[in-house]
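Subject: Structure to look at

Hi,

Here's the structure I said I'd send over. Have it open while you read, and turn it around as you go.

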Amino acid sequence: MRELPQEAPPRFEVRVLPNPAEVARAAAEELVDAAQDAISNRGVFRVALSGGSTPRALFQTLASRPFRGRIDWNKSRVFFVDERCVPPAHERSNYRMAKEHLLGPLRIPEASVFRMRGEDDPRRSAREYEQVLSREFGGRTPRFDFVQLGVGADGHTASLFPGTRVLAELAKAVAAAYVAEQREWRITLTLPVLNAARRVVFVAVGPEKRAVVAAILRRKRGSASLPASLVKPKRGSLIWILDAAAAADL
Ligand code: 6PG
């Protein structure tokens, strides 16, 4: 009988690199490692990407040498952690940022990219993406090989903001969430999906993340309920990759 592929034992790791460029390279190495493991063991690599500004450097690094040829993107399927409810060409679109810096430069086939439809009704797009994931993962809780997350200064991650109802969503894989501070609807993966991943990598750089990173990683009073603190993969690795500025209070 064919040996079932051995899952690597989950690890928790905090890595501090001198600067954002080194952070991007370290995150790219993690993603390459996850991709090569997934493809060799399961024949396919499923990755979920966040938006915001931090991932741009990671995407540019993945699309440049020496990383450019190290992932078999023909055996990879690209999903999104969350999306702002704007059209795909809008400057705030997470899909647009990924398209510009990763998907386009690497010519990743559209058929391998599953974007959240930010241009449509949020609830309908969330339901539609739920169906996309249900088809992809056979109706089981989606278990991504790699989930790339950022963290906001307020402790949000994905589009899971402190004190919002979506944090309590345990049945659905995808939800629509209104972000009052930004007066904006979002579509987001929910905590059960983030916590089902084989490998979750937080990437944070800059002094503006210093306080929230320390609060979360040093488990300071009041930090346990922060959305980024609630990301604890059940059977997966949790890795934080920081630059010196974001890690200054660790
Ligand atoms: C988004 C992201 C969000 C992001 C954090 C950090 O759609 O904005 O998914 O969760 O990761 O807000 O954003 P920066 O990388 O811009 O600091």
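Below is what turned up, starting with the ligand. Keep in mind that this is a predicted model.

**The ligand**

There are 15 residues around the ligand, and the ones that come nearest are S53, T54, H156, A158 and K209. Sorted by class, this shell has nine polar, four charged and two nonpolar residues.

A polar side-chain atom of H156 sits 2.6 Å from an oxygen atom of the ligand. N94 uses its side chain, with an N or O atom 2.9 Å from an oxygen of the ligand. How much of the ligand does the protein bury? On its own the ligand exposes 410 Å², and the protein buries 89% of that.

**The largest pocket**

Rolling a probe the size of a water molecule over the atoms shows where empty space is left. Here the largest pocket comes out with a volume of about 410 Å³. It is lined by 16 residues, and R165, V166, A175, A176 and A177 are the closest to its centre. Which element gives the most to this lining? That's β6, with five residues. Both β6 (174-179) and α4 (122-136) supply at least two residues each. By class, the pocket lining has nine nonpolar, six charged and one polar residue.

**Salt bridges**

Side chains of opposite charge can pair when their charged atoms come close. The count for this model is 23 salt bridges. One to look up is R25 with E22, where the closest N and O atoms are 3.0 Å apart. Why is this pair about one helical turn apart? Because R25 and E22 are three residues apart in helix α1 (residues 20-42), about one helical turn separates them.

Most residues other than glycine have a negative phi, and most peptide bonds are trans. Two spots here go the other way. The peptide bond from R65 to P66 is cis, with omega near 0 degrees. You'll find P66 in the loop between α2 (55-62) and β3 (76-80). The other spot is R107, which isn't glycine but has a positive phi, near 50 degrees. R107 is in the loop between α3 (94-103) and α4.

Cheers

Conventions. Residues are numbered from 1 along each chain as its sequence is written. This is a predicted model: local features need pLDDT of at least 70, side-chain atom pairs count only at pLDDT 80 or more; totals for chains, interfaces and linings use all residues. Side-chain values use heavy atoms; hydrogens and water are left out. On a 1 Å grid over the protein atoms alone, a cavity is a set of points where a 1.4 Å probe fits but cannot get out, and a pocket is an open set with protein on both sides within 12 Å along at least five of seven lines; lining residues have an atom within 4 Å of a point. Grid points are joined across faces, edges and corners, and a volume is the space filled by probe spheres set on the points. Helices (H or I, at least four residues) and strands (E, at least two) are DSSP runs, numbered from the N terminus. Ala, Val, Leu, Ile, Met, Phe, Trp, Tyr, Cys and Pro count as nonpolar, Asp, Glu, Lys and Arg as charged, and the others, Gly among them, as polar. A residue is near a molecule or strand if one of its heavy atoms lies within 4 Å of it. A polar contact is a pair of N or O atoms within 3.5 Å; within protein, one must be able to donate a hydrogen and the other to accept it, and residues adjacent in sequence count only if both atoms are side-chain atoms. Accessible areas come from the Shrake-Rupley method with a 1.4 Å probe; for residues, only the protein chains shown count as cover. A salt bridge is a side-chain nitrogen of Lys or Arg within 4 Å of a carboxyl oxygen of Asp or Glu.
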